[in-house]
Amino acid sequence: MQIISQVLFLIALVVGIGFFIRNIRRLLRNIKLGKEVDRSDNKGERFAKMARIAFGQSKMVKKPVSGFLHVIVYVGFIIINIEVLEIIIDGLFGTHRVLSFMGGFYNVLIASFEVLALLVLIGVIVFWIRRNILNIYRFLSRELKGWPKNDANYILYFEMVLMVLFLVMNATDYQLQLNGAPHYASEAGITGSFPVSQFLLPIFEGMSNATLIIIERAAWWLHILGILFFLNYLYYSKHLHILLAFPNVYLSKLQPQGEMNNLQAVTDEVKLMMDPDADPFAAPAEEEEGAEPDKFGASDVFDLNQVQLLNSYTCTECGRCTAECPANQTGKKLSPRKIMMDTRDRLEEVGEIINTKGKYEDNGKQLLDDFILREELWACTTCNACVEACPVGIDPLSIILDMRRYLVMEESAAPNELAIAMTNIENNGAPWPYNQQDRLNWAKEN
């Protein structure tokens with residue numbers, strides 16, 4: 001019977017990890033659909049930023065209540081899963097608490113796992129209350145209806161169940177050790193320390209060892225299978241940021257937030273125009289003959305760079321960006337969170353076409369208009385509030401700017417007010433409709 005259990009565990013482990021690897025490969029393939037971008041500079045500064053923001057949660061705690069709870073859940077959930085290593089070894093080799101040879105240190109570990117499990121359970125319950133009962137404004141936006149709202153709740157329920165299973169597993173294990181049950185009891189005494197689960201013992205009082213073993217094994221199996229399921233559910237969930245926050249922060253831009261990048265094609269053209277030795281009538285280089293010219297800006301996910309696509313997968317949908325957006329606060333349609341969610345949805349749509357047909361075939365849709373509206377793009381004030389607010393280094397503004405560049409430079413579809421201002425800048429050197437010689441006439445009237 002023990003051999004059958006070990007074989008079943010091995011099968012579950014291989015299937016779970018194999019499916020996870022498949023999903024990660026699809027994720028990387030989708031991200032690589034974007035344009036390459038070089039972020040290999042300033043490695044020391046990037047690692048420091050990643051340690052401070054992704055690992056140290058420095059931006060999360062700017063909102064003290066949710067930030068503190070998030071740190072507890074984050075740290076607790078990660079540390080508790082250290083015990084997964086022991087569960088895997090026990091599952092594969094049929095042992096019981098194989099790491100108990102560490103003695104007193106092992107007891108401290110199990111005790112800390114239990115305390116953290118209780119704190120995680122409390123934190124998750126508070127998060128559920130904040131999201132579903134307190135009706136916090138940033139959780140009520142139109143983009144959080146349907147699946148996004150359900151997804152967030154599914155994760156909370158899942159974490160609650162995993163923590164309860166963990167404590168039930170430990171409580172029944174402890175009771176079986178006290179009862180001297182074979183395979184559980186040790187000549188060295190009680191293995192582990194159970195400061196939280198010991199309070200569950202009255203629930204199991206009077207139960208036979210056979211019943212306790214069934215409960216302990218059920219909790220053990222459901223706990224590890226739940227972790228494997230959770231690992232694979234991440235790909236379909238906003239909680240993918242658990243894995244992607246670190247590379248996303250590392251690859252985030254280091255330039256001042258107000259500094260906007262220039263299109264390389266435009267830069268090259270200006271340099272050519274300013275070069276006195278350049279021949280304007282020179283034939284194009286051989287490799288440029290017949291080459292399709294680069295698109296100005298972005299109208300679809302293929303036109304965005306790989307870091308922007310990574311941003312879309314990393315979005316936690318927390319809404320801090322939208323809560324800080326002045327355009328959103330004044331009733332405009334723009335929501336930086338929706339920009340990232342729409343980009344991810346379009347990228348997933350493209351990925352699903354590739355999964356089904358082996359390559360991308362145009363389905364008549366694109367990111368612009370079908371997902372992100374022009375009204376949303378032009379509502380942005382480029383203030384960078386969304387970039388500053390994001391706790392994992394996401395840059396919605398870069399996507400907005402690239403799409404606006406496409407509208408202006410490819411479709412000449414700027415709003416009338418902006419088109420007039422740009423024409424005036426070109427003709428008069430200023431956004432106002434006055435000749436430069438007449439610009440100070442107002443001063444003569446006083």
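Biologist: Which residue forms a salt bridge with arginine 337, and how far apart are the closest N and O atoms?
Modeller: Arginine 337 pairs with glutamate 143, and the closest N and O atoms are 3.0 Å apart. A salt bridge here is a side-chain nitrogen of Lys or Arg within 4 Å of a carboxyl oxygen of Asp or Glu.

Biologist: Where do arginine 337 and glutamate 143 sit in the chain?
Modeller: They link distant parts of the chain, 194 residues apart. Arginine 337 is in helix 14 (residues 336-357), while glutamate 143 is in the loop between helix 5 (104-132) and helix 6 (147-178). Helices (H or I, at least four residues) and strands (E, at least two) are DSSP runs, numbered from the N terminus.

Biologist: What is the model, and how are residues numbered?
Modeller: This is a predicted model, in which local features need pLDDT of at least 70 and side-chain atom pairs count only at pLDDT 80 or more, while totals for chains, interfaces and linings use all residues. Residues are numbered from 1 along each chain as its sequence is written, and side-chain values use heavy atoms, with hydrogens and water left out.

Biologist: Is arginine 337 buried or exposed?
Modeller: Arginine 337 is buried, at a relative accessible area of 0%. Glutamate 143 also counts as buried, at 10%. Buried means under 20% relative accessible area, exposed over 50%, and partly exposed in between (1.4 Å probe, protein chains only).

Biologist: How many salt bridges does a search of the whole structure find?
Modeller: The search finds 19. Among them, arginine 344 and glutamate 317 meet at 2.3 Å, N to O. That pair spans 27 residues, from arginine 344 in helix 14 to glutamate 317 in the loop between helix 11 (306-314) and helix 12 (320-324). Both arginine 344 and glutamate 317 are buried.

Biologist: What about lysine 357?
Modeller: Lysine 357 forms a salt bridge with glutamate 361, with the closest N and O atoms 3.4 Å apart. Glutamate 361 is partly exposed, at 34%. Elsewhere, salt bridges with shared partners join Arg142, Lys338, Asp342 and Glu376 into one network.

Biologist: Changing topic, how many helices and strands does the protein have?
Modeller: There are 20 helices and zero strands. The C-alpha atoms fill a box of roughly 100 × 60 × 40 Å, taken along the principal axes. Of the 446 residues, 43% count as buried.

Biologist: Where does UniProt place the feature "transmembrane region"?
Modeller: The unreviewed UniProt entry places it at residues 6-24, 68-89, 109-130, 151-169 and 218-236. UniProt positions follow the numbering used here, feature names are shortened, and annotations may be inferred rather than shown by experiment. In the model, residues 68-89 are 91% helix and 0% strand, with end C-alpha atoms 33 Å apart. Residues 151-169 are 100% helix and 0% strand, with 27 Å between the end C-alpha atoms.

Biologist: Last one: where is arginine 217 found?
Modeller: Arginine 217 is in helix 8. It counts as partly exposed, at 29% relative accessibility. Arginine 217 and glycine 189 are 28 residues apart in sequence and 21 Å apart in space, C-alpha to C-alpha.
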